[in-house]
Amino acid sequence: IGKIPNNWDIKRLKYFSSVFLSSIDRHEHDTEKKVIICHYPDAYNNEFINNDSILSKGTCTKSEFDKFSLKKNDIILTKDSESSNDIGIPTFVIDNLKNTVCGYHLAVIRDLDNKILPEFLFRYIESQTVKNYFYLSSNGITRFGLGKSSIENLYVLIPSITEQKTIVEKINLISKTTSQIIKLYNKRIKLLSNYKETLIASIVSGKIKVTKEML
């Protein structure tokens, strides 16, 4: 407030998007439709969901399938957890998924307004500002949860489409660079771990003798 550009708009999420809270659990029933399900860990551990994502098989009713089928540009949000830090974590659906639905403990945010880019909304929900809002809006003591109204009443800053594209491109570049660095360091950690195990085995088997100078 006071630093928001004049050409930016501010709207509650409910005025330009629809929010659905999934009721599809892990139980499978012979009388229900066989589907692929994006469960909580899939949404929590991945920045994007696409046709290459490895998801579980399950079942759901026809009404659940019609309501919770995932579409390109959907935003999936974690809404329940034992930790307040784990709620409100978004993932973005970047492909048209076939026969795939959203699982329990998750919410689907679907954009209905051409004034905001779905990927910009996804990146906005990733921000610390929104994370703080979800923390304050959550309820529970041993388990935290977000209600539909809490998600719908989120205030969203809406720049022009041109500015949204620029912001998304900048964040995607940073995200790509960060992911590459993380992969590099994970590779180094794995190599060092393997070297450590080989070194220990060599010492135990006597292939390498430990001298006073090595201590």
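What do the buried residues of helix 6 pack against? Let's start there. They pack against helix 3 (118–126) and strand 12 (155–158), with contact meaning heavy atoms within 4.5 Å.

Some ground rules. This is a predicted model: local features need pLDDT of at least 70, side-chain atom pairs count only at pLDDT 80 or more, and totals for chains, interfaces and linings use all residues. Residues are numbered from 1 along each chain as its sequence is written, and side-chain values use heavy atoms, with hydrogens and water left out.

Now helix 6 itself. Helices (H or I, at least four residues) and strands (E, at least two) are DSSP runs, numbered from the N terminus. Helix 6 has 45 residues. From its first C-alpha to its last, helix 6 reaches 65 Å. That is close to the 66 Å expected at 1.5 Å a residue; the expected span is 1.5 Å times one less than the number of residues.

Which residues of helix 6 are buried? Among them are Gln164, Val168, Ser175 and Ser202. Buried means under 20% relative accessible area, exposed over 50%, and partly exposed in between, with a 1.4 Å probe and protein chains only.

Next, what follows helix 6. Gly206 comes just after the helix and takes a positive phi of about 90°. Val210 is also in the segment after helix 6, which spans 161–205. Val210 is partly exposed, because its relative accessible area is 42%.

Val210 belongs to a nonpolar surface patch. Patches take residues with over 30% relative accessible area and no salt bridge; like charges are joined within 9 Å, and nonpolar side chains (Val, Leu, Ile, Met, Phe, Trp, Tyr) within 5 Å. The areas come from the Shrake-Rupley method with a 1.4 Å probe, and for residues only the protein chains shown count as cover.

Back to helix 3. Is helix 3 mostly covered or mostly open? Mostly covered: seven of its nine residues are buried. They are Pro118, Phe120, Leu121, Phe122, Arg123, Tyr124 and Ile125.

How many aromatic pairs does a search of the whole structure find? Five. Rings of Phe, Tyr and Trp (its six-membered ring) pair if their centres lie within 6.5 Å; planes under 30 degrees apart count as stacked, over 60 as edge-to-face, and the rest as tilted.

Why is the pair of Tyr40 and Tyr44 stacked? Their planes are at 15°, so the pair counts as stacked, with ring centres 6.2 Å apart. Both sit in helix 1 (residues 40–45), and because they are four residues apart, about one helical turn separates them. Tyr40 is buried, at 18% relative accessible area. Tyr44 is partly exposed, at 34%.

Another pair is Phe48 with Phe122. This one is tilted: 5.9 Å centre to centre, 50° between the planes. The pair links distant parts of the chain. Phe48 is in strand 4 (residues 48–49), Phe122 is in helix 3, and they are 74 residues apart. Phe48 is partly exposed at 26% relative accessibility, whereas Phe122 is buried at 0%. Ring pairs also bring in Phe92, giving a cluster of Phe48, Phe92 and Phe122.

Last topic: charges. The whole structure has six salt bridges, each a side-chain nitrogen of Lys or Arg within 4 Å of a carboxyl oxygen of Asp or Glu.

Helix 3 holds one of them. Glu126 bridges to Arg123, with the closest N and O atoms 2.8 Å apart. The two are three residues apart, about one turn of the helix. Arg123 is buried at 6% relative accessibility, while Glu126 is partly exposed at 35%. Glu47 joins Arg123 and Glu126 in a network of salt bridges.

Two others make a contrast. Asp66 and Lys62 meet at 3.0 Å, N to O. Both lie in helix 2 (residues 62–68), four residues apart. Asp80 and Lys79 bridge at 2.7 Å between the closest N and O atoms, and both are buried.
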